[in-house]
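This report goes through a few sites and chain relations, one topic at a time. Keep the sequence and the 3D view open while reading.

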There are 8 protein chains.
Amino acid sequence: LRTGFPEVIWSQGKTPEQIRQIIHVMRQNSPLVMATRLEADVAETLQEQIQDLRYYPLAKIAAIGQNSNKYKGKISIVTAGTADLPVAEEAAITGELCGFTVERLWDVGVAGIHRLLNHRHLITQADILIVVAGMEGALPSVVAGLANCPVIAVPTSIGYGTSFGGLSALLTMLNSCATGIGVVNIDNGFGAAMLAGQILRLANRFSEKKE
Amino acid sequence: LRTGFPEVIWSQGKTPEQIRQIIHVMRQNSPLVMATRLEADVAETLQEQIQDLRYYPLAKIAAIGQNSNKYKGKISIVTAGTADLPVAEEAAITGELCGFTVERLWDVGVAGIHRLLNHRHLITQADILIVVAGMEGALPSVVAGLANCPVIAVPTSIGYGTSFGGLSALLTMLNSCATGIGVVNIDNGFGAAMLAGQILRLANRFSEKKE
Amino acid sequence: LRTGFPEVIWSQGKTPEQIRQIIHVMRQNSPLVMATRLEADVAETLQEQIQDLRYYPLAKIAAIGQNSNKYKGKISIVTAGTADLPVAEEAAITGELCGFTVERLWDVGVAGIHRLLNHRHLITQADILIVVAGMEGALPSVVAGLANCPVIAVPTSIGYGTSFGGLSALLTMLNSCATGIGVVNIDNGFGAAMLAGQILRLANRFSEKKE
Amino acid sequence: LRTGFPEVIWSQGKTPEQIRQIIHVMRQNSPLVMATRLEADVAETLQEQIQDLRYYPLAKIAAIGQNSNKYKGKISIVTAGTADLPVAEEAAITGELCGFTVERLWDVGVAGIHRLLNHRHLITQADILIVVAGMEGALPSVVAGLANCPVIAVPTSIGYGTSFGGLSALLTMLNSCATGIGVVNIDNGFGAAMLAGQILRLANRFSEKKE
Amino acid sequence: LRTGFPEVIWSQGKTPEQIRQIIHVMRQNSPLVMATRLEADVAETLQEQIQDLRYYPLAKIAAIGQNSNKYKGKISIVTAGTADLPVAEEAAITGELCGFTVERLWDVGVAGIHRLLNHRHLITQADILIVVAGMEGALPSVVAGLANCPVIAVPTSIGYGTSFGGLSALLTMLNSCATGIGVVNIDNGFGAAMLAGQILRLANRFSEKKE
Amino acid sequence: LRTGFPEVIWSQGKTPEQIRQIIHVMRQNSPLVMATRLEADVAETLQEQIQDLRYYPLAKIAAIGQNSNKYKGKISIVTAGTADLPVAEEAAITGELCGFTVERLWDVGVAGIHRLLNHRHLITQADILIVVAGMEGALPSVVAGLANCPVIAVPTSIGYGTSFGGLSALLTMLNSCATGIGVVNIDNGFGAAMLAGQILRLANRFSEKKE
Amino acid sequence: LRTGFPEVIWSQGKTPEQIRQIIHVMRQNSPLVMATRLEADVAETLQEQIQDLRYYPLAKIAAIGQNSNKYKGKISIVTAGTADLPVAEEAAITGELCGFTVERLWDVGVAGIHRLLNHRHLITQADILIVVAGMEGALPSVVAGLANCPVIAVPTSIGYGTSFGGLSALLTMLNSCATGIGVVNIDNGFGAAMLAGQILRLANRFSEKKE
Amino acid sequence: LRTGFPEVIWSQGKTPEQIRQIIHVMRQNSPLVMATRLEADVAETLQEQIQDLRYYPLAKIAAIGQNSNKYKGKISIVTAGTADLPVAEEAAITGELCGFTVERLWDVGVAGIHRLLNHRHLITQADILIVVAGMEGALPSVVAGLANCPVIAVPTSIGYGTSFGGLSALLTMLNSCATGIGVVNIDNGFGAAMLAGQILRLANRFSEKKE
Ligand SMILES: Nc1ncnc2c1ncn2[C@@H]1O[C@H](COP(=O)(O)O)[C@@H](O)[C@H]1O
Ligand SMILES: Nc1ncnc2c1ncn2[C@@H]1O[C@H](COP(=O)(O)O)[C@@H](O)[C@H]1O
Ligand SMILES: Nc1ncnc2c1ncn2[C@@H]1O[C@H](COP(=O)(O)O)[C@@H](O)[C@H]1O
Ligand SMILES: Nc1ncnc2c1ncn2[C@@H]1O[C@H](COP(=O)(O)O)[C@@H](O)[C@H]1O
Ligand SMILES: [Mg+2]
Ligand SMILES: [Mg+2]
Ligand SMILES: [Mg+2]
Ligand SMILES: [Mg+2]
Ligand SMILES: [Mg+2]
Ligand SMILES: [Mg+2]
Ligand SMILES: [Mg+2]
Ligand SMILES: [Mg+2]
């Protein structure tokens, strides 16, 4: 486990049998193996063969084994709407499996700015923020304006018509006039958590080797 | 003057001489003629021949004659950034020439939500709002969430890279999860003012025929 | 009910149980709750648990409770073709639930301009027009040229090939050389009605406070 | 002259000298040579060397020699706005050089449908129509609905923002729910006239070999 | 029957019952009613209620009644590949129902230019050509280069990857350096036949009024 | 100076006079003011009025005043090609002005992987990496695969044809199968540095409050 | 068999019966017939009628007959990820059916450059390389930088979000700053093998006619 | 000179001084250095400092030194139109500088298939073909259908309107139903020649190590 992170399988386009085999090989060398984008029925099939496989249905993640790492700091995850939850949970479960504390703040979209402002202390005191939003994707701009920490923006494919499968939200995030925002692929909650994890690990390294 | 609005010339792709001739014909029948998207040097040339031609350089609008209409209510125009001013002024001057009171609120982009919130009474008490924004174009979503009146969103071509000449801002506005927003073409301050004018005139008609 | 409008649930990507819970919470504080984009089978499931839930199948809207507001003026809705009806009805039912009178003018596409011209008095005397069109989306331009009131243009995803899921109609509407048009997202009948509602409420406010 | 049409040079990306040489070769075998998309200054240079070269500045076409063909029937060309004139004139001059009678109907865009309806007899009695429009490009749909003859639609690059250099007008024309419309490339007045010419020549052949 | 063409129903997005009702109304006034894009199962349902409804499964067209018109000349339809047949047949059946003679030349794509050249007399002697092609859509360019008559190009959605649902073929046809080509929407065999019909009817009118 | 970062002016679309005024206001409250995307001639004009304005021509950045902050850790910036230097320098100068140590590794594109591998220790030992690449934009994937720290990917508009102004590089970076990558807008070296700065400041905070 | 290659049927959009008939005709004149993009269930149906039909399920290719050609040299096929295997196998089986030796190197994506570098001798000693990659599609750039032979790049539709069905990988490959790369359509393993085959046959011809 | 090819500088975005320095370094180790996309005025400046710099104005290539390699076989380059010449010459000069014999066949576009067929022996007897075409880009499909050797297709940015800067030609080439085609970036004559060179060198290697 060179990176200190779990081994990860991207399940899309793989048969249950292929996934089972990869898990089998990976767990020899890694205390924690996880699979993303795993449908519930495939997870069930796998559980018959791999007794200790845990499944997180909203996040569509399966995990086998434990991560003994514990890091200082936490990942704060913010979503614009209920429909963004699967992507946000993919980020949250990934973060937790990697050994981080995760704080969830759901349903604080910009069209009702009050709800967001009511929780502004969560934003201003965050270590690192993952902001998940579909449709117009404006939430990361507002959040990054309030925050003073790195912000990871995750566009989701939620929407219709000119949301173009998340493209509108993606462009919004890339064009943000707020600073300190890094963007990941549409619906890529996993990738956002991995980047957040890299950032918090860097902070932990600084903390350890301090003076 | 069937509509009660000025006669309007779209100057793009017309020679000074063509514009002069159209003005000449139009002013016979209309107390107020205006030309949009008129470059400063062309305006100067025209002023030599049309003594009473007034020119608004930031808005790139020329006007000849006066509008005697005066309507109740006002058009409130909000911009995200300084670079959006030419489009916002195109809307403002058009609105004023049509006989409306115009209120300007410049430079209240979402990345610094404080400035916007400091002026929230202007938003909540507006009759009708025109919101002008480039780059990620998130301002109309936030404004419409605070407001309780019609909102006209104008994407601008301000930005670079993935702003794609205003496309990003346009998509943001069309996908807004706030309600009560109508969108016009990129950089179309004129069209936004004309729609706002139609809306305020409807309100004036209701007001007049009241009881 | 700050805005005077019903509470609204966007049903896409929510489970029946989630929708039921949100309705349950919302109806405590709001005399009228509505859900858009609700499939017929989900509506049926919900009706077993919520006896007073009404369902409008063409509009795919469910409503619980009544709106006591009654506003002056009416929303006139115009469609180009039969296939645009679901979107037009989403607008119509939304408008009626919000307390407005709705007038429907179906199937007056520009390829047979006679039918539209036969009804031109409906256009010229309208308070506010919602124009719904797919394929080439040219109807709002012609209607706005005849009308002297605000026009809300709704592109639909009806068509094939280069209609690109409503993109062609959307671009047509944004580029209209007629003035006084505000555009909403593809298939967004709901949003068009909410904007029309905001406009008519503004007119009602002017009408009331008139002295 | 196999086709009975002039020899044609597309001047874009060619030097004056290259164009001169091609004209020199072509006129050996062809009574009429024409060059499209020729800038005025290049035309002037060429006129010094080719005394009988005629230049049509609005159409940006040069012609050398005469066409002795005369065909029955006429090509009717309709434009939406003044800015579409260069493309319409490219079609008109091409049609005339090919030996056809051309009828021009300028500035009858759909936003003021009255002007178009005032000239409807020109539409209903046409042999073949070329309809030239930029921005939203809705004119061909309305014209084809009124007409009972072939309609050739030419999108122009006139507009701004979401006109996307003529793409919006093009999509409108391809998606028209009116029938009997063939579309050519953006700004391709020349191609429209050539297609109209082929159609009228077919009609002339039918007329000749009749009974 | 003002136009002399059948009444046509576009079946997409209509229920069998709606289609049945429209047929019922239309056949009162029209000797021939046709419906395009009608799925086989819907056609079967309709045949139970409308005994004289004929169904052309490859073209997905239903017809009721007869067309007594007979026109001089023929429509020649050329396809690049087997997969383009449904679109080509939509054109062919439409043409025949409108009263035209139709000639079919299938499977002569440009990658094996020999097959096309072997049939070049069909091309050079055609009255009017409809050329149907998917993937790269190059056939109309080659055909129009050989032909001396109007050519109608129909891009199809056949292909994968960068064919982008027919967009690649469409762009090829619009950019053709051959002249005399009019383009219709992707997969619009119906529209191509209607345009061909308008062209041949014009030729018939010329032929008749000839003295 | 709430954020601890300099005040920043985005110079695009502002006149020298406007920029001068904004600098004048900002420097009252901020020890360090910087302007990005400032052309050399404008900088020269400004230097006549603001004696202590420093200009970095490759980065197109002007700075007034000093930043007293000094942070632990460094920002490592890697470029694929020479033409990416202006964007990389925008990032580098921004980083240095914000108080960070910056390490530059130029011209290590993936087409000659040897050069990159020769410097792999710089990659594996980095605190945080900014990777700048145009054309195919593949460098961040390879770098992130070697690194074990956060990676910020900056697509540039360098290239031609299908580079589509940086779109190709942007898509590459968003789709990277390496993890730990956050992407910013095309050519946005400034934004990359600000995100890197936020990340390093977080690490510094952790370091300080340690134990 | 003019080309020396098998006869090939593209099965998409063809019925089993159509495919059977085409096979029947083709095998009269060709020792080897193959069908690509053939689904497993269709293959099974065909095997009932064509006893000697072999089916390669991963490649979705069927073959009837044998190819007696044997060529010098080999085609080396490299893939980035497991999900790219079907496309890679389409190339591999096509190459083998054409008479070439095929070498497979699976799962050497750029995010873990070590695996690729461990096999670099396969790259540097290859005759011709087919590189198959989805998502960001960066592998061909790195491979072509290591190799000194022709490289054929095949983008796959593997990925999600901004992979846009293979578009991102395609653009990456077209923009590669490595030289000696030819690109084929998304998922076109067949086409890549045919191009590789043409290249190796050219080399065989040179080898034969040598001095 | 590991690859046996010249060292190449891509001049876009480099100053004359930068190019001069790179040439200076490269020529120490390489008998032949070339620079592509070099404007004529920059070349002139360089020639003052580098006496033996040769400049090919149509190809916009500069070369210093000689290539002693001579390979068997030739590269045949075919263009559709005159405007494609600069790209074709970039390919031709690159090929010659690399030590290959180049055969040029200009102006054989598909709209006049006769000219191409008149030269078919050049196609059928070619070792390797580079086919350069803009606008609809159909030429490679027809050529590859006639040829029995590898074909490299180069889309050019020649055209207007829907040619979209070469995108239309590119898509045509990627979607070609002819086999044996590899595509390079828009206007990338250099890359096409390098790929052709790799292919011919492979053939030369086979020829040498023969038996
Ligand atoms: N949901 C996801 N989105 C993007 N990348 C992922 C995702 N899940 C896993 N990955 C990446 O994909 C790699 C595994 O891909 P594979 O070898 O195809 O299973 C992992 O190392 C992760 O970096
Ligand atoms: N800046 C503008 N943007 C959009 N439409 C405009 C603008 N200025 C004028 N127009 C419209 O263009 C029409 C005049 O166009 P034209 O006849 O070409 O001068 C006016 O009636 C307006 O409706
Ligand atoms: N396959 C088709 N493609 C394009 N337009 C069609 C097609 N079939 C019918 N139409 C047109 O659609 C009109 C009928 O549309 P509707 O009223 O929706 O049934 C007809 O008059 C035709 O002009
Ligand atoms: N016209 C061109 N198009 C594409 N790639 C080129 C071109 N000219 C040179 N190159 C490549 O760019 C590399 C040099 O890039 P640079 O280091 O920026 O000068 C060369 O090794 C070539 O592989
Ligand atoms: Mg912040
Ligand atoms: Mg509101
Ligand atoms: Mg109007
Ligand atoms: Mg008609
Ligand atoms: Mg022809
Ligand atoms: Mg890493
Ligand atoms: Mg190489
Ligand atoms: Mg061939």
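Which residues are around ligand 2?

## Ligand 2

The residues around ligand 2 include Val8(B), Ile9(B), Trp10(B), Lys14(B), Thr36(B), Arg37(B), Glu90(B), Asn188(B) and Phe190(B), together with Cys177(C), Thr179(C) and Tyr160(D). A residue is near a molecule if one of its heavy atoms lies within 4 Å of it. Because residues from chains B, C and D surround ligand 2, the site is shared between chains. The most residues in this shell, three, are given by strand β1 (residues 7-10) of chain B; strands (E, at least two residues) and helices (H or I, at least four) are DSSP runs, numbered from the N terminus.

Polar contacts are pairs of N or O atoms within 3.5 Å; within protein, one must be able to donate a hydrogen and the other to accept it, and residues adjacent in sequence count only if both atoms are side-chain atoms. A polar side-chain atom of Tyr160(D) is 2.5 Å from a nitrogen atom of ligand 2. A nitrogen atom of ligand 2 also lies 3.3 Å from an N or O atom in the side chain of Asn188(B), and an oxygen atom of the ligand is 2.9 Å from a polar backbone atom of Trp10(B). Ligand 2 taken alone exposes 500 Å², of which the protein buries 76%. Such areas come from the Shrake-Rupley method with a 1.4 Å probe; for residues, only the protein chains shown count as cover.

## How the model is read

This is a predicted model, in which local features need pLDDT of at least 70 and side-chain atom pairs count only at pLDDT 80 or more, while totals for chains, interfaces and linings use all residues. Residues are numbered from 1 along each chain as its sequence is written, chains are lettered from A and ligands numbered from 1 in the order in which they are written, and side-chain values use heavy atoms, with hydrogens and water left out.

## Ligand 1

Ligand 1 lies between chains A, F and G. Among the residues around it are Lys14(A), Glu90(A), Cys177(F), Thr179(F) and Tyr160(G). Strand β1 (residues 7-10) of chain A supplies the largest share of the shell, three residues.

A nitrogen atom of ligand 1 is 2.6 Å from an N or O atom in the side chain of Thr36(A), and a nitrogen atom of the ligand is 3.3 Å from such an atom of Asn188(A). An oxygen atom of ligand 1 lies 2.9 Å from a polar backbone atom of Trp10(A). The protein buries 77% of the 500 Å² that ligand 1 exposes when taken alone.

## The magnesium ion

What coordinates the magnesium ion (ligand 9)? The donors are Ala144(E) (O) and Ala147(E) (O), at 2.1 to 2.4 Å. Donors are N, O and S atoms within 2.8 Å of the metal (3.2 Å for Na, K and Ca); water is not among the atoms, so sites may look incomplete.

Ala144(E) is buried, with a relative accessible area of 10%, and Ala147(E) is buried at 5%. Buried means under 20% relative accessible area, exposed over 50%, and partly exposed in between (1.4 Å probe, protein chains only). Helix α6 (residues 139-146) of chain E has eight of its eight residues buried, including Leu139(E), Ala144(E) and Leu146(E).

## Relations between chains

Chain D is superposed on chain C by a rotation of 180° with 0.0 Å of shift along its axis (RMSD 0.0 Å). That is the relation of a two-fold axis. The C-alpha of Ala138(D) is the one in chain D nearest the axis, 2.7 Å from it. Copies are superposed by least squares on the C-alpha atoms of residues with pLDDT of at least 70 in both.

Of the interface residues of chain D, 100% are also interface residues in chain C, so the copies meet through the same surface. Contact means heavy atoms within 4.5 Å. Chains A and D do not touch, and their nearest C-alpha atoms are 13 Å apart. Chains B and G have no contact either, with their closest C-alpha atoms 13 Å apart.
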